[in-house]
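This report describes selected packing features of a single protein chain. The sequence and the structure come before the discussion.

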Amino acid sequence: MMSRSVAQISIVIPVYNRADVVCRTLESVFDQTARPLHVVLVDNGSTDGSEALVREWALRVGSDDFVVKVLCESERGAGNARNRGLAEVETPWTMFFDSDDVMLPDHVSRVLRAIGGNPDVDVFGWDLRAFGPDGVERRLLFEPDSLPWHNLMHGAMSTLRYCARTELFRKAGGWCGGLSTWDDIEFGTRILLHRPKVMKLEGAPTAEIFYSPESQSGPSFAATAAKCLRALDEIAKSYEALGPLSHVRLKKAILAADCLRDGMESAPEILRDVLACEPVLSNRVLYRLVYTYRLCGGRGAARIVKPLLR
């Protein structure tokens with residue numbers, strides 16, 4: 001039964017075999033200065049004791065102003081687990097989070113202040129602090145200008161980088177459970193189809209993401225190429241209403257270069273397929289140039305050629 005407290009935000013967190021790190025994430029959620037707060041945890045068939053840890057934590061910390069609901073979703077996939085959690089949300093705003101990352105104590109309060117001061121905004125985004133498997137830190141930017149492009153190329157609408165109205169998530173149709181890579185980019189593209197009003201929260205990042213070899217972002221592009229291509233094909237179905245499909249083809253050309261650098265011998269076939277379906281000669285030239293530049297380790301070429309794409 002949900003709390004009588006009038007919470008504004010629910011945090012939805014899917015969990016799958018994160019027994020070694022999920023407690024760090026959960027404690028960072030409990031340490032939030034914001035109250036009341038609703039948390040929806042969805043175990044996705046864990047086999048390492050994660051579900052027991054999550055349930056024990058929920059029993060220990062749950063209260064009238066910190067309501068925790070633990071659910072199970074048998075259909076595998078983070079998207080399916082997130083959809084299960086979204087179905088249980090009763091607050092006007094929803095924030096998705098991952099079970100191996102951390103939010104600083106003021107993270108939710110910062111969002112709530114923005115919500116209170118900007119009643120016409122539908123999506124609030126922010127920068128992230130990201131740590132690679134080697135411990136190197138970098139800042140992932142949320143760029144509201146040309147957001148469909150920045151989402152496609154840089155994952156600006158990735159899971160931890162924004163909060164949106166619950167009705168917007170539902171109107172967009174929820175997560176695509178059949179995707180396991182770049183599903184957040186695909187869902188973000190469908191959200192942007194509804195032309196939401198977007199605002200960036202400035203200042204130092206208050207959420208931290210930790211990439212590991214086991215995380216979705218950890219495996220090589222060569223290992224996930226088929227999944228990435230499937231996601232891009234799904235993204236293309238929505239992106240055409242937001243920008244030229246040449247953007248998606250450029251992303252595929254970059255993917256082809258990344259796959260070849262990872263040792264995938266068939267990666268040039270991805271580029272050949274891109275060139276075969278591109279009717280504009282100048283675009284084909286640009287794809288080849290970016291592909292070659294990327295093979296040499298170059299970065300930032302997509303931003304340079306964007307104005308030239310037709």
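Contact here means heavy atoms within 4.5 Å. The model is predicted.

In that sense, Leu-147, Pro-148, Asn-151 and Leu-152 of helix H5 meet Ile-185, Gly-188, Thr-189 and Leu-192 of helix H7. Five of the residues in the contact of H5 with H7 are nonpolar, three are polar and none is charged. The two helices, H5 spanning residues 147-154 and H7 spanning residues 183-192, have axes 9 Å apart and pack at an angle of about 175 degrees. Because angles over 145 degrees count as roughly antiparallel, H5 is roughly antiparallel to H7.

The largest nonpolar core contains 38 residues, and Ile-9, Ile-11, Leu-41 and Val-68 have the most contacts inside it. Another core, of 35 residues, lies apart from it and includes Trp-149, Ile-270, Tyr-291 and Val-305. In soluble globular proteins, nonpolar side chains tend to be buried together.

| Residue | Residues in contact (heavy atoms within 4.5 Å) |
|---|---|
| Leu-41 | Ile-13, Leu-26, Val-54, Trp-57, Val-68, Lys-69, Val-70, Leu-71 |
| Asp-106 | Gln-32, Thr-33, Arg-113 |

Where is Asp-106 found? Asp-106 belongs to the loop between strand S5 (102-103) and helix H4 (107-117). Its relative accessibility is 32%, so Asp-106 counts as partly exposed. Asp-106 and Asp-31 are 75 residues apart along the chain, and their C-alpha atoms are separated by 8.7 Å.

Methods:
Residues numbered from 1 in each chain as written. Predicted model: local features only at pLDDT ≥ 70, side-chain atom pairs only at ≥ 80, totals over all residues. Heavy atoms only, no water. Core = buried A, V, L, I, M, F, W, Y, C linked by side-chain atoms within 4.5 Å. Buried < 20%, exposed > 50% of the residue type's maximum accessible area, 1.4 Å probe, protein only. Helix = DSSP H or I, 4+ residues; strand = E, 2+ residues; numbered from the N terminus. Axes fitted to C-alpha atoms, helices over the stretch in contact; angles between N-to-C directions. Parallel < 35°, antiparallel > 145°, perpendicular 65-115°, else oblique. Nonpolar A, V, L, I, M, F, W, Y, C, P; charged D, E, K, R; others polar. Lists of a residue's contacts leave out its neighbours within four places in sequence.
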